[in-house]
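Here are a few friendly notes to read alongside the model. Take them one at a time, and keep the viewer open as you go.

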Amino acid sequence: MDWTVDLSADAPPSRQLARALLDAIACGDLAAGDQLPSVRQLAAKSLVNHNTVARAYRDLEHMGIVRGHNGLGVFVSPAGPRIARDERRAGTLAEFRRAAGEALRAGHAADDLVLHVSKLRIRRIA
Amino acid sequence: MNGIVEVHGLTKRLGRRTVLQDLDLSLPAGSITVLLGSNGAGKSTLARLLLGAERPDRGTIRIAGLDPLRDGKELRGRIGFVPDHPDVYDWMTSSDLYEFLRPQYPRWSPAIEARLVARWSVPEHTRFGELSRGEAAKAMLVAALAPQPDFYLFDEAFEGLDPLVRDDVLAGVLEEIELDGRAALVVTHALDLAVRIADRVAVLADGRVAACADVEDLGGVRDLKELVGSVSR
């Protein structure tokens with residue numbers, strides 16, 4: 001899993017980490033009941049400070065995706081994968097709409113764009 | 001505010017030059033503060049004052065409630081300091097150094113010492129004079145992390161390391177540093193390092209903390225560069 005943080009990005013490191021974790025949970029790399037790395041371990045892996053990792057974990061906890069068990073660690077909640085997928089879907093759909101709108105304004109034909117999406121789907125299945 | 005380190009109205013003159021003027025700085029427990037500033041801004045003078053190696057002309061310094069000048073002896077065991085250049089005898093080895101330091105630090109952790117020495121492959125029987133810059137930096141960081149101090153003070157401890165070595169060093173520090181109820185001050189020129197490991201950045205200019213920001217509120221290195229540029233000349 002890639003835990004690097006992009007320092008030139010506008011999003012603060014904690015949000016980038018939360019996003020990476022969300023992806024990992026949405027795509028099944030981390031399943032319900034799986035334990036997340038300890039704050040220290042993830043801080044050392046992604047080279048950010050402890051509070052940054054703790055903040056990312058708190059954000060995910062507020063979303064109901066992970067759950068902290070005092071002293072034992074942080075685990076993906078039973079509903080975590082579903083919430084993470086919904087969250088990623090909502091986010092990517094908004095992004096897709098914006099990009100598609102821009103492409104239409106730039107003069108792409110709607111049919112061509114549909115074709116592009118279908119090709120992506122075929123590639124994914126293959 | 002009641003931080004691990006509280007500095008109020010600190011003024012220090014060296015000869016005719018006023019290096020620090022009315023400087024206030026508070027380092028809250030549980031946080032890493034990165035201190036930035038151009039050469040000659042007074043960063044190293046501030047470090048020496050915090051260690052009690054210099055006497056302030058005015059102002060107060062308290063570290064864990066203690067005065068570096070008056071309570072120097074007790075305080076030494078509570079500060080984990082890494083100087084910009086190793087301040088040990090060239091003929092010493094890292095294992096000599098740790099043996100010498102262990103009894104002086106009541107909370108010295110042999111486990112942290114062993115983990116870091118293994119992780120970083122610190123040469124235990126090579127004299128400091130023969131260590132590379134990276135090896136010496138690692139050896140000195142072990143000596144600052146193993147004591148589990150109340151206050152970590154790293155004075156350009158990460159400068160001059162090639163990028164891969166620096167990442168390796170940072171990872172070890174982040175794995176072993178204990179911030180619960182403690183604080184750290186990292187003096188550096190590297191903005192990318194600041195964005196990575198700082199909770200807060202403070203910029204020293206004209207003898208005082210001219211700007212201070214939470215890293216979480218900044219948009220990466222670009223914003224930090226702007227902040228530093230806005231107060232430095």
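**Notes on the predicted model**

1. Let us begin with one residue pair: B:T11 stands opposite B:R58 in β4(B). A word on what you are looking at: this is a predicted model, in which local features need pLDDT of at least 70 and side-chain atom pairs count only at pLDDT 80 or more, while totals for chains, interfaces and linings use all residues. Residues are numbered from 1 along each chain as its sequence is written, and chains are lettered from A and ligands numbered from 1 in the order in which they are written.

2. Strands (E, at least two residues) and helices (H or I, at least four) are DSSP runs, numbered from the N terminus, and two strands pair if DSSP finds at least two bridges between them.

3. Strand β1 (residues 5–14) of chain B also pairs with strand β2 (residues 17–27) of chain B, in the antiparallel sense, over 7 bridges. Here B:V5 has B:L27 in β2(B) as its bridge partner. The hairpin of these two strands has 2 residues between them, and B:G15 takes a positive phi near 65°.

4. Put together, the 3 strands form an open antiparallel sheet in the order β2-β1-β4 (chain B). Its edge strands are β2 and β4 of chain B, each pairing on one side only.

5. What lies across β1, β2 and β4 of chain B? Helix α1 (residues 43–50) of chain B does, running at about 120° to β1(B). Axes are lines fitted to C-alpha atoms, for helices over the stretch in contact, with angles from 0 to 180 degrees between N-to-C directions; two residues are in contact if their C-beta atoms, placed from the backbone, lie within 7 Å.

6. Now the two chains together: their contact takes 14 residues from chain A and 18 residues from chain B. On the side of chain A that touches chain B, α2(A) gives the most, with 3 residues.

7. After α4(A) comes A:G107, with a positive phi near 105°.
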